[in-house]
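Welcome! Open your viewer, get ready to select residues by number, and follow along one stop at a time.

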Amino acid sequence: MPMPTQDVTETMTRLKTLVGEMHDIHGAQGLLGWDLETCMPKAGAGMRAHQMETLAKLAHEKIMAPELAAVLKDARALAAEGRLEPLDTALVREFGRDYDQQIKLPAAFVQELSHTTSEAHPIWVEAREKKDFSLFAPILTRIIDLNRQQAEIYGYQDSPYDALLDLYEPDLTVKQLDALFPPLREELVTLIEKMKAATSPPTRDCLTRNFDVDKQWAFSEYLLGVIHFDTDAGRLDKAVHPFTSGSSHADVRLTTRIHEDDLFAGIGSTLHEGGHGLYEQGLDPALARTPLSGGTSLGMHESQSRLWENMVGRSKPFWQAQYPRLQAMFPEQLDKVNLDAFYRALNVVAPSFIRVEADEVTYNLHIIIRYEIERALIEGRMQAGDIPAAWNEKYTQYLGITPPDDGVGCLQDVHWSHGSFGYFPTYTLGNLYAAQIFNTIGLRQPDVLKAIPQGDLAPLRSWLKKEIHHVGRSETADTIARRVTGESLNSRYFADYLNRKYAGVYGL
Ligand code: ZN
């Protein structure tokens, strides 16, 4: 017998109350985490650990509560019968996905994973310091094994790696990545080869002079105004490793870094985190306190940061309007550097060992290398001990450089010591989504791009908000891509963007 309409309303109200409370706890966890990285006094660390632990315990109790299981079961039945509003159907789908991910893993397994990764972190730190992968290999073998077990618990169709990708980019599979990454890799390797042969390549000299940090800070704050980040609903602070967090669309915490001897380190990270922040501020307030009030996937989130950092922040139209101000701020350093020289300096491409320092082009090869290795490890085609040789071989083959040691090679990233496999591909997906979206804007809304050299970024900000940010997680990344650009993710647009741009910068 179908549930009476009045009970449908009651079920959804109850579900929303429960998920709202969980959302509040996550918001508090986010703020405590932000505080820890930005302004907590050193002596606060001990008490903070207790506070975080208590909140984590509360969150766990909430998700394991029998009442939640019962309400979700009823809500899922209603969604299956088509008796819910579209937004409620999306809420049940997305919350159900989070719920399944959390409760599918047996408590003993979660404990073992957490124990192993806590143990692994200091070992990784020591191995990296000593540049000796063999110290890290035994515990990494255990972590890989646990990830393989995790994939079996979650289940998959083609590759166990699919189950891990899904944790970060819902529904992403190796089949899709196989259509995206190999052609992109070929394009990138060819482009880098061409750039190496350029007769007068640009240099970064004009960016690596001495730039007063207070003035740089003021310029970062100015840039947030230019891109219409709302400082009544967010703020900017300093952090060693910049990130964005916060508790809702109305409270977004950005962080950036300022380097005295690298002007674009600060500008780039402010625009990058600002892009993440605009996504959060652009969410429909009606989605607040539900799992729908967030970016739809890590890849889509990263597309917004990279769009502002690279497609806007490393473009000539943007600096046509903004460069005079920067020059006026740093006359001694930039007076004799014209716009064209400055633009070319922002876009120097050079193969290097460290992913986080890589440029817009080579960055993606760092990611593809990690993807190929991770996938082979999770599919059991490679063992931990094989990583250094495979790593160095791929760097030599794709980037033309061979890491001199494991410290700047396969030990550089923290992700594996945390137990995260399947995360890296989302960084490059961000670039792919950004290029595809930017291409669509150019075709369908050329006026949005024409306003950029006038210093008017409001049309771009509004378009992104309306088309992408507003819907939150109520649409999947693929649904958004198809609705906005007319097709699923296609690496062609990013390859075309890079080929076009760097032909100009490098005179190819
Ligand atoms: Zn980012």
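**Stop one: a strand residue.** Select Thr256, which sits in strand β3 (residues 251-256). Helices (H or I, at least four residues) and strands (E, at least two) are DSSP runs, numbered from the N terminus. A note before you go on: this is a predicted model, where local features need pLDDT of at least 70, side-chain atom pairs count only at pLDDT 80 or more, and totals for chains, interfaces and linings use all residues. Residues are numbered from 1 along each chain as its sequence is written, and side-chain values use heavy atoms, with hydrogens and water left out.

Is Thr256 buried or exposed? Thr256 counts as buried because its relative accessibility is 0%. Buried means under 20% relative accessible area, exposed over 50%, and partly exposed in between (1.4 Å probe, protein chains only). Now show what surrounds Thr256: leaving aside neighbours within four places in sequence, its contacts include Trp217, Leu236, Pro242 and Ser269. Contact means heavy atoms within 4.5 Å.

**Stop two: the zinc ion.** Select the zinc ion and display His272, His276 and Glu302, which coordinate it through NE2, NE2 and OE at 2.1 to 2.3 Å. Donors are N, O and S atoms within 2.8 Å of the metal (3.2 Å for Na, K and Ca); water is not among the atoms, so sites may look incomplete. Along the sequence, the donor residues follow the spacing H-x3-H-x25-E. His272 belongs to helix α10 (residues 263-281) and Glu302 to helix α11 (residues 298-312), so this pair, 30 residues apart, links distant parts of the chain. Both His272 and Glu302 are buried.

**Stop three: two helices.** Colour helix α8 (residues 174-196) and helix α21 (residues 492-506), which pack at an angle of about 5° with axes 10 Å apart. Axes are lines fitted to C-alpha atoms, for helices over the stretch in contact, and angles run from 0 to 180 degrees between N-to-C directions. The two helices are therefore roughly parallel (angles under 35 degrees). Among the residues that meet here are Leu184 and Leu188 in α8, and Phe494 and Leu498 in α21.

**Stop four: aromatic rings.** Finish with Tyr161 and Tyr371, a tilted aromatic pair with 5.8 Å centre to centre and 50° between the planes. Rings of Phe, Tyr and Trp (its six-membered ring) pair if their centres lie within 6.5 Å; planes under 30 degrees apart count as stacked, over 60 as edge-to-face and the rest as tilted. Tyr161 lies in helix α7 (residues 160-168) and Tyr371 in helix α15 (residues 363-378), so the pair ties together parts 210 residues apart in sequence.

Terms used:
Angles under 35 degrees count as roughly parallel, over 145 as roughly antiparallel, 65 to 115 as roughly perpendicular and the rest as oblique.
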